[in-house]
Amino acid sequence: MPKAKYKEHRIGDRELSPESLMMGYGYDPMLSEGAAKCPIFQTSTFVFPNAEAGKAYFQLAYGLREASPGEEFGLIYSRLNNPDLEILEDRLALWDGAAAGAVFASGMAAIATALFAYLRPGDALVFSEPLYGGTEHFIRHVLPEFGITPVGFMAGQALADVADDVRARVGAHRTPVVYIETPANPTNAMIDIAALAAVARTLEGNGARPVLMVDNTFLGPLWQHPLKHGADLVIYSATKFIGGHSDLVAGAVLGSSEAMAPVRALRTFMGTMADAWTGWLLMRSMETLKMRMTAMMKNARYCADFLNDHPKVRRVHYLGLLGEDDPQFATYRKQCMGPGSLIAFEVEGGEEAAFRFLNALKLVKLAVSLGGTESLAEHPGSMTHADVPPDEQVRMGITSGLVRLSVGVEHYEDLIADLGQALDAV
Ligand SMILES: *Cc1c(COP(=O)(O)O)cnc(C)c1O
């Protein structure tokens, strides 16, 4: 098995780190004319060596028999598998310590496929708020048309209160999924994943063991590893940090082989997988993932300190600024390896002041999305979270002066100069 050599992640006793494995893991150059880098397998279909092999591949793909020891899935058709996606999935799984992964055409494709894989008409879905706007819309407006009852709870709320309230509202519904985002977008409110996993288990009596899904787009895959704290599936918009250059749209779901099986199966039949070119771009991006995320986090710390001291800024939500007396601090210390590079802050003077600030920015671009090499700023109340009714926005801490800033890899003094001159214009 030549492939095994390329899945080695030890040198003697030393377990190699993901960043060291991103350049070659899972790829055998001798299967591709010696090409040092994995080529783009721009093909829809794969030639079988003989009819017997084709039969054997399909038996595995359709679960008609168990794989024999060491047997790998044969390549069939790019909706089922493709080398760029398989190698990418192997590499992506390393960061979170996952056994299996699947990449998708977008974060929303990943989220929708994972939810549909587990939910059935008549079920309840427990979820945290606020969520990414697209996910929120999907849960509140699309899933109910399929007979699914959404049961939301506020991120940052004490979990003891959440448990009673959620149990009362779920009633006798089967609850196969608990879906959360932590830290929450855009306020950085935290949820204790391990404690929530315990709450989720108490819903098991209704006929399904809830699968705890965590959208880890904001801190992952570097600064938070939900699977290590009791989550069953970790979900990404790979459009953000993993892609990291604001030039592609993709998503991913990772977890144990067992938890991933229904997600992978449904991906095949919904056709929500990523294409080979996107897979190749993501592999290229992941070679610099740690460098980028580390540089962005360092820059964000400087920017957060600057904003925090500025007289025209009322409040800064940044994990790196959480005080030890903050009830969120213990969760942050237990669950996160770093504060990441997303900052939300309130400009004094509401929407008008926030718009003046955004319009005056020169280096930072006014755009939604996040996690790319360039810094981006937006106004959640009227942009990413415009769909959330005004009273709910207030409840979630999305105030009219709130600006979200995704800090990139520029020189931090240039960023501070830009933020400063834009605040002068307010
Ligand atoms: C962007 C985003 C998504 C959706 O991902 P797409 O790639 O845009 O489909 C989901 N969750 C979070 C937290 C996001 O930031």
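1. Basis. Residues are numbered from 1 along each chain as its sequence is written, and side-chain values use heavy atoms, with hydrogens and water left out. In this predicted model, local features need pLDDT of at least 70 and side-chain atom pairs count only at pLDDT 80 or more, whereas totals for chains, interfaces and linings use all residues.

2. Salt bridges overall. The search of the whole structure returns 20 salt bridges, each defined as a side-chain nitrogen of Lys or Arg within 4 Å of a carboxyl oxygen of Asp or Glu.

3. Arg65 and Glu71. These two side chains form a salt bridge with an N to O distance of 2.9 Å. Arg65 is partly exposed at a relative accessible area of 28%, and Glu71 is likewise partly exposed, at 26%. Here buried means under 20% relative accessible area, exposed over 50%, and partly exposed in between (1.4 Å probe, protein chains only).

4. Asp165 and Arg169. A salt bridge of 3.1 Å, N to O, joins the side chains of Asp165 and Arg169. Both residues belong to helix α7 (residues 159-170) and stand four residues apart, about one turn of the helix. Helices (H or I, at least four residues) and strands (E, at least two) are DSSP runs, numbered from the N terminus. Asp165 is partly exposed at 33% relative accessibility, and Arg169 is partly exposed at 41%.

5. Glu346 and Arg314. The side chains of this pair meet in a salt bridge at 3.7 Å, N to O. The pair links distant parts of the chain, with Glu346 in strand β11 (residues 342-347) and Arg314 in strand β10 (residues 313-317), 32 residues apart. Glu346 is buried, with a relative accessible area of 9%, while Arg314 is exposed at 53%.

6. Network. Through salt bridges that share partners, Glu129, Glu136, Arg140, Glu392 and Arg395 are joined into one network.

7. Helices α11 and α15. Helix α11 (residues 289-308) packs against helix α15 (residues 412-424) at an angle of about 30°, with the axes 9 Å apart. Axes are lines fitted to C-alpha atoms, for helices over the stretch in contact, and angles run from 0 to 180 degrees between N-to-C directions. The two helices are therefore roughly parallel (angles under 35 degrees). The contact (heavy atoms within 4.5 Å) involves residues including Tyr302 and Phe306 of α11 and Leu415 and Leu419 of α15.

Terms used. Parallel < 35°, antiparallel > 145°, perpendicular 65-115°, else oblique.
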